[in-house]
Structure formats: C-alpha cells, structure tokens
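Good morning, and thank you for joining this group meeting. Please look at the sequence and the structure as they are shown, and keep them in view while I speak.

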Amino acid sequence: MSITKRQEQIVALLEEHGFMSVERLSEMTYTSPSSIRRDLTRLQNLYLIRRTHGGASIFKELNHAVPLNSRMEKNIAEKRKIAKTAAALLHDGQTVMLDGSSTAGFMVPHIAKHKDMVLFTNNMQTAINAVNFGIPTHCIGGASVNGSAVLGGEQAYDVVVNLFPDILFFSSQCVDREGYIYDPILEENHIRELMLKNAACRVFLCDGEKFGKRSLYRLCSVDDIDVCVFDRQIPELHTKTKVLY
C-alpha cells in the first residue's frame with residue numbers, strides 16, 4: 001500500500017535524525033500533532049518506523065544475535081520489493097502461513113488485497129498488523145523466542161504440525177553458495193521445518209545481501225522448496241527451483 005508525501009517526509013526525517021518527537025515532526029511538516037500520530041501509526045503498521053514514547057524512530061540494523069523483534073527492519077526497500085514480486089503467487093481464497101521473519105511480514109498488505117484469505121503466523125507483530133489490515137488471522141501460540149515477538153516451543157510445534165496451508169512464505173538469515181539455507185536460532189529453524197512439511201507451496205523470500213553466507217543451523221536446500229524470491233539476480237546460485245526477481 002502506498003504512503004502519502006507527508007509520510008514519506010516523516011520517514012526521511014527519521015532516517016536523518018534517528019528519533020524525533022511528535023511535536024518536532026509537527027513543526028517540521030506544518031501538521032497537527034494528532035495527524036502526525038495517525039501517520040506514525042500507519043508507518044509502523046507498514047514496518048517503516050517504530051513508535052516510541054512521545055515520538056518515533058527509524059528501524060536500525062542490529063547485530064544478528066539480538067532478538068528478532070529488535071532487528072525490524074533491515075533492507076526495507078529490498079524486502080518490500082521481494083514482497084511485491086512474491087504477491088504474484090497469491091490468489092483469492094488461500095490459507096496463507098507466514099513464518100516469524102520480518103521479511104515475511106511484508107506480505108501482509110498484499111494478502112489484504114485478496115478476498116477470503118486466512119492467515120496463520122507465529123509472529124505476534126505480524127498478526128497484529130494483519131488484523132489491522134482486516135485479514136482473518138490466527139496467531140500460532142507458544143513461548144517468546146529470545147524475548148522477541150516470534151513464538152516457538154512445544155506449544156507452537158503442536159499447532160503447526162496440524163496445519164496444512166495452501167502457501168507458506170518464509171525467510172531465514174542466509175543462504176550459502178551451495179544453496180543451503182541457515183539460521184542462528186534453533187527454535188526458529190525447527191518451526192520452519194514443521195511449516196515446510198505441510199505447506200502445499202513453499203516460498204523462500206531472501207534479499208541478495210544474505211547470499212553466500214552460512215550460520216549455525218542448516219534448514220534445507222533451495223532445491224527442497226517450490227519458489228525462491230530475490231530482490232536481484234543471483235548468477236552464482238544454481239538450482240532447479242523456480243526463482244523470481
């Protein structure tokens with residue numbers, strides 16, 4: 001979904017200053033504080049900024065070891081492009097599953113454009129965002145993974161093994177040159193394994209910066225899934241799987 005020119009200006013100001021109060025944003029944009037607050041809510045729902053007490057800040061790139069909800073967002077433009085490309089795989093009446101990644105969360109506005117969709121996710125923030133877009137949403141319960149908005153553990157695993165979605169969109173930390181997908185968090189890797197087993201169509205979302213790297217836990221090969229969606233061409237990746245750019 002598009003944003004207004006004023007909202008684009010707010011994002012630019014936050015990128016420049018990091019944090020700004022509602023009052024300062026109001027002065028800089030010649031807009032009432034109540035309108036600024038509405039703009040900030042919309043921008044947060046689109047994963048572009050983070051609301052904080054009295055104002056807002058832009059998402060920052062953080063170290064991979066911190067909780068997942070603390071590193072939303074990195075490479076925003078790339079993830080939005082990936083989601084837009086992947087949206088071609090959506091159609092009315094689907095049951096959609098999104099994993100806990102921030103990249104998968106960018107699918108929400110595109111899902112909202114279709115009729116009779118049902119969404120399952122183990123990311124509480126993604127679930128809230130989907131509800132705000134009016135999508136019938138089920139949040140897969142469980143324990144917070146590393147203090148983040150992502151849920152895992154036995155309770156979540158028990159739910160996922162009994163779900164058979166039409167399509168799964170998932171991401172991970174990286175993919176190496178041999179096409180193996182990795183993540184440093186064991187709980188996240190395991191729940192993705194369970195999601196992959198039952199989904200009719202499995203779609204891997206990955207920005208090019210993640211290519212050519214390895215992490216602690218191997219999930220699967222790109223040859224094991226149905227579609228890969230990248231933000232740019234990856235000539236070094238050789239796979240039989242369908243790849244979209």
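I begin with a definition: two strands pair if DSSP finds at least two bridges between them. Helices (H or I, at least four residues) and strands (E, at least two) are DSSP runs, numbered from the N terminus. With these terms, M20 stands opposite A56 in β3.

Two sentences on the source are needed here. This is a predicted model, in which local features need pLDDT of at least 70 and side-chain atom pairs count only at pLDDT 80 or more, while totals for chains, interfaces and linings use all residues. Residues are numbered from 1 along each chain as its sequence is written, and side-chain values use heavy atoms, with hydrogens and water left out.

Let me stay with the sheet that contains β3. It is an open sheet of three strands in the order β1-β3-β2, and the pairing is antiparallel. At its edges are β1 (19–21) and β2 (49–52), each of which pairs on one side only. From one strand to the next, the twist averages 25 degrees. Axes here are lines fitted to C-alpha atoms, for helices over the stretch in contact, and angles run from 0 to 180 degrees between N-to-C directions. Between β1 and strand β3 (residues 55–58) there are three bridges, in the antiparallel sense. Helix α2 (residues 22–29) lies across β1 and β3 and runs at about 85 degrees to β1.

I turn next to a pair of helices. The axes of helix α1 (residues 5–17) and helix α3 (residues 33–45) cross at roughly 75 degrees and come within 10 Å. That makes α1 roughly perpendicular to α3, a term for angles of 65 to 115 degrees, whereas under 35 counts as roughly parallel, over 145 as roughly antiparallel and the rest as oblique. On the α1 side the contact (heavy atoms within 4.5 Å) is made by R6, Q7, I10 and V11, and on the α3 side by S35, I36, D39, L40, R42 and L43.

Now to the sheet of seven strands. It is open, with parallel pairing, and its order is β6-β5-β4-β9-β12-β14-β15. The edges are β6 (137–139) and β15 (242–244), each with a single partner strand, so one side of each is left without a neighbour in the sheet. Neighbouring strands in this sheet are turned by 20 degrees against each other on average, direction ignored.

Two helices pack here. Helix α9 (residues 186–198) touches β4, β9 and β12, and its direction makes about 155 degrees with that of β9. Helix α4 (residues 76–86) lies across β9, β12, β14 (227–230) and β15, at about 140 degrees to β14.

Which strands pair with β9? Strand β4 (residues 95–98) runs parallel to β9 and is joined to it by three bridges, with M97 opposite L168. Strand β12 (residues 201–206) pairs with β9 over four bridges, also in the parallel sense. There F169 stands opposite V203, and F170 has F204 as its bridge partner.

Are the residues of β9 buried or exposed? Buried means under 20% relative accessible area, exposed over 50%, and partly exposed in between, with a 1.4 Å probe and protein chains only. In β9 (residues 167–170), I167 and F169 on one side and L168 and F170 on the other are all buried, which covers both faces. In a regular strand the side chains alternate between the two faces of the sheet.

A nonpolar core is a set of buried Ala, Val, Leu, Ile, Met, Phe, Trp, Tyr and Cys residues joined through side-chain atoms within 4.5 Å. The largest such core has 41 residues, and those with the most contacts inside it are I49, V96, L98, M107, I111, F169 and L205. A second, separate core of 27 residues includes V160, I181, F204 and I234.

Some individual residues complete the picture. H110 is in helix α6 and, at 13% relative accessibility, counts as buried. K113 is placed in the loop between α6 (108–111) and β5 (118–121); with a relative accessible area of 56%, K113 is exposed.

Finally, how many disulfides does the structure hold? There are zero, a disulfide being a pair of cysteine sulfur atoms within 2.5 Å. For C220, the nearest cysteine sulfur is that of C228, 8.8 Å away. C220 counts as buried, at 11% relative accessibility.
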